[in-house]
Amino acid sequence: MTDAPPAFELLPGAPGSPVILHVPHSSRRIPADVRAGLALTDAALERELDHMTDAHTAEIAERAAGLAALTPWRFVNRTSRLVVDPERFPDEREEMAAVGMGAVYTRTSHREVLRAAGTDPGPLVERYFRPYARAMTEAVADRLAATGRAVVIDVHSYPTEPLPYELHGEGPRPAVCLGTDPFHTPPGLLAAARAAFEPCGETGLDSPFGGTYVPLDFYGRRHEVRALMVEIRRDTYMTEPGGPAGPGLPRLARSLAALVDAVPA
């Protein structure tokens with residue numbers, strides 16, 4: 001038995017909802033044994049969490065779920081991405097490994113040492129990454145079985161100014177960036193997102209971050225699994241880098257709820 005909080009959580013929605021709001025980077029929690037393997041001082045770690053945490057995105061998703069006509073499901077990571085990043089590939093397919101940010105980060109957002117050279121990512125991948133991936137696969141499979149489709153909407157945020165780790169930070173940084181996949185993001189879903197987020201400012205596509213999250217069992221195989229990444233520029237709803245939320249948060253929650261309600265059949 002353990003009293004440790006869960007590493008991730010699936011929060012049920014309406015039985016007939018195909019939508020999963022996926023919130024992978026909102027937590028700052030790092031278990032003590034994982035903290036022991038990080039090279040940063042406590043103060044430096046807090047600064048890194050300020051930069052790398054998608055602050056308040058779990059609250060945006062929670063509020064949106066409460067506003068939606070048909071409550072979506074929510075899959076929320078309860079540990080920091082500095083433990084593992086569940087949206088990275090755990091192998092050579094991951095382009096972010098070039099800057100020390102594969103599934104287990106070895107470098108910080110400013111390309112400084114986070115974990116010692118030669119750190120074996122295997123134990124963290126087995127303990128955190130693989131159970132997360134299995135649970136997300138099961139959640140999508142459950143929505144497919146219940147409704148005939150699954151719609152994964154990632155809820156992220158990003159800083160107003162690019163951080164040194166960004167591989168594509170030179171591109172546009174709109175108020176809301178919509179990440180897409182040519183197989184899993186149909187035009188109707190993208191159009192619904194553009195309309196829903198119009199009150200929040202300019203929307204753009206795949207810059208500074210692109211792509212979507214789809215469990216590998218379905219990726220490129222099942223058109224019934226649809227996906228969209230919503231990246232919100234942080235100055236639109238919070239004080240950067242890691243400060244409180246502001247008046248923009250309720251507006252974003254309403255827009256996300258409008259997207260959930262507008263998900264095309």
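A residue is called buried when its relative accessible area is under 20%, exposed when it is over 50%, and partly exposed in between (1.4 Å probe, protein chains only). Keep that scale in mind as we walk through this structure. This is a predicted model, in which local features need pLDDT of at least 70 and side-chain atom pairs count only at pLDDT 80 or more, while totals for chains, interfaces and linings use all residues. Residues are numbered from 1 along each chain as its sequence is written, and side-chain values use heavy atoms, with hydrogens and water left out.

Let us start with the rings. A pair of aromatic rings is described by the distance of the centres and the angle of the planes. Rings of Phe, Tyr and Trp (its six-membered ring) pair if their centres lie within 6.5 Å; planes under 30 degrees apart count as stacked, over 60 as edge-to-face and the rest as tilted. The structure holds four aromatic pairs. One of them joins Phe8 and Phe75, which are stacked at 5.5 Å centre to centre with 15° between the planes. Phe8 sits in strand E1 (residues 8-11) and Phe75 in strand E3 (residues 73-77), so this pair ties together parts that are 67 residues apart in sequence. Helices (H or I, at least four residues) and strands (E, at least two) are DSSP runs, numbered from the N terminus.

How accessible is Phe8? Phe8 is partly exposed, with a relative accessible area of 22%, whereas Phe75 is buried at 1%. Phe8 also forms an edge-to-face pair with Tyr132, at 5.4 Å centre to centre and 70° between the planes. Because Phe8 lies in strand E1 and Tyr132 in helix H4 (residues 122-147), this pair ties together parts that are 124 residues apart in sequence. Tyr132 is buried, with a relative accessible area of 3%.

Next, look at the cysteines. A disulfide is a pair of cysteine sulfur atoms within 2.5 Å, and the structure holds zero of them. Cys177 is in no disulfide, as the nearest cysteine sulfur, that of Cys200, is 14 Å away. Cys177 is buried at 0% relative accessible area, and Cys200 is buried at 10%.

Finally, turn to the backbone. Most residues other than glycine have a negative phi, and most peptide bonds are trans. The bond from Ser207 to Pro208 is cis, with omega near 15°, and Pro208 lies in the loop between strand E6 (203-205) and strand E7 (225-233). Asp206, in the loop between E6 and E7, has a positive phi near 55°.
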